[in-house]
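Subject: Structure handover

Hello,

Here is the structure for you to look through. Please open it first, then read the notes below.

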Amino acid sequence: MLKRPAFVFVIALWGASAAVAQTGPALNAVQKQGQQILYTSCGLCHTAPNINSPHMAPALSKETLGGSVPDIVAFIKSGTATMPAFQYSYSDAELTAVAEYLKTIEPEHHEEKK
């Protein structure tokens, strides 16, 4: 049996991926694989729990790193001071799938509050 925090986390991730699947474009098999990896390993920091919540890390979209698949793959593999490196967690093909999925996500544009 899942403890409450783990259960809430799983439901939150499921809800976020379901919302993207319902409103986003039709995905091919590679993009679906990338979507699954993104919500499994990246979603906690790179997606907001709800529309009014801030992201812990930058929101990802087709504009991330200029949309360059090689740059996205290299960045994910090497990580940063605040983001873990995934070079040993995923293959180049899996990281390419994440980059291909990002190409389907429109950037978030928030109106400035006055």
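**What was found**

Among contacts in the chain between residues at least 6 apart in sequence, 53% join residues at least 24 apart. Contact means heavy atoms within 4.5 Å. This is a predicted model, in which local features need pLDDT of at least 70, side-chain atom pairs count only at pLDDT 80 or more, and totals for chains, interfaces and linings use all residues. Residues are numbered from 1 along each chain as its sequence is written, and side-chain values use heavy atoms, with hydrogens and water left out.

**Overall layout**

The chain has four helices and zero strands. Its pattern along the sequence is α-α-α-α. Helices (H or I, at least four residues) and strands (E, at least two) are DSSP runs, numbered from the N terminus. Of the 114 residues in the chain, 29% are buried. Buried means under 20% relative accessible area, exposed means over 50%, and partly exposed lies in between (1.4 Å probe, protein chains only).

**The core**

The largest nonpolar core has 17 residues. Such a core is a set of buried Ala, Val, Leu, Ile, Met, Phe, Trp, Tyr and Cys residues joined through side-chain atoms within 4.5 Å. Leu38, Ile76 and Tyr101 have the most contacts inside this core. At least two of its residues come from each of helix H2 (29-46), helix H3 (69-78) and helix H4 (92-102). H4 gives the most, with five residues.

**Glutamine 31**

Glutamine 31 sits in helix H2. Is glutamine 31 buried or exposed? Glutamine 31 counts as buried because its relative accessibility is 12%. Setting aside neighbours within four places in sequence, its contacts are Ala26, Ala97, Glu100, Tyr101 and Thr104.

**The cavity**

Rolling a probe the size of a water molecule over the atoms shows where empty space is left. The search uses a 1 Å grid over the protein atoms alone. A cavity is a set of points where a 1.4 Å probe fits but cannot get out. A pocket is an open set with protein on both sides within 12 Å along at least five of seven lines. Lining residues have an atom within 4 Å of a point. Grid points are joined across faces, edges and corners, and a volume is the space filled by probe spheres set on the points.

The whole structure has one cavity of 30 Å³ or more. The largest cavity has a volume of about 30 Å³. Its lining is Ile37, Ser41, Cys42, Ile76, Phe86, Tyr90, Leu95 and Val98. H2 gives the most to that lining, with three residues. By class, the lining has seven nonpolar, one polar and no charged residues. Here Ala, Val, Leu, Ile, Met, Phe, Trp, Tyr, Cys and Pro count as nonpolar, Asp, Glu, Lys and Arg as charged, and the others, Gly among them, as polar.

**The second largest pocket**

This pocket has a volume of about 490 Å³. It is lined by 28 residues. His46, Ala57, Leu60, Phe75 and Met83 lie nearest its centre. Helix H1 (4-23), H2, H3 and H4 are the elements that give two or more residues to the lining. Which helix gives the most? H2 does, with nine residues. The lining has 21 nonpolar, seven polar and no charged residues.

**Two leucines in one loop**

Leucine 60 is in the loop between H2 and H3. Beyond its neighbours within four places in sequence, leucine 60 is in contact with Leu38, His46, Leu102 and Ile105. Its C-alpha atom is 7.3 Å from that of proline 107, 47 residues apart along the chain.

Leucine 65 is also in the loop between H2 and H3. Its phi is near 50°, a positive value in a residue other than glycine. Leucine 65 is partly exposed, with a relative accessible area of 40%.

**The cysteines**

How many disulfides does the whole structure have? The search finds zero. A disulfide is a pair of cysteine sulfur atoms within 2.5 Å. Cysteine 42 is in no disulfide, and the nearest cysteine sulfur, that of cysteine 45, is 8.8 Å away. Cysteine 42 is buried, at 14% relative accessible area. Cysteine 45 is partly exposed, at 31% relative accessibility.

Best wishes
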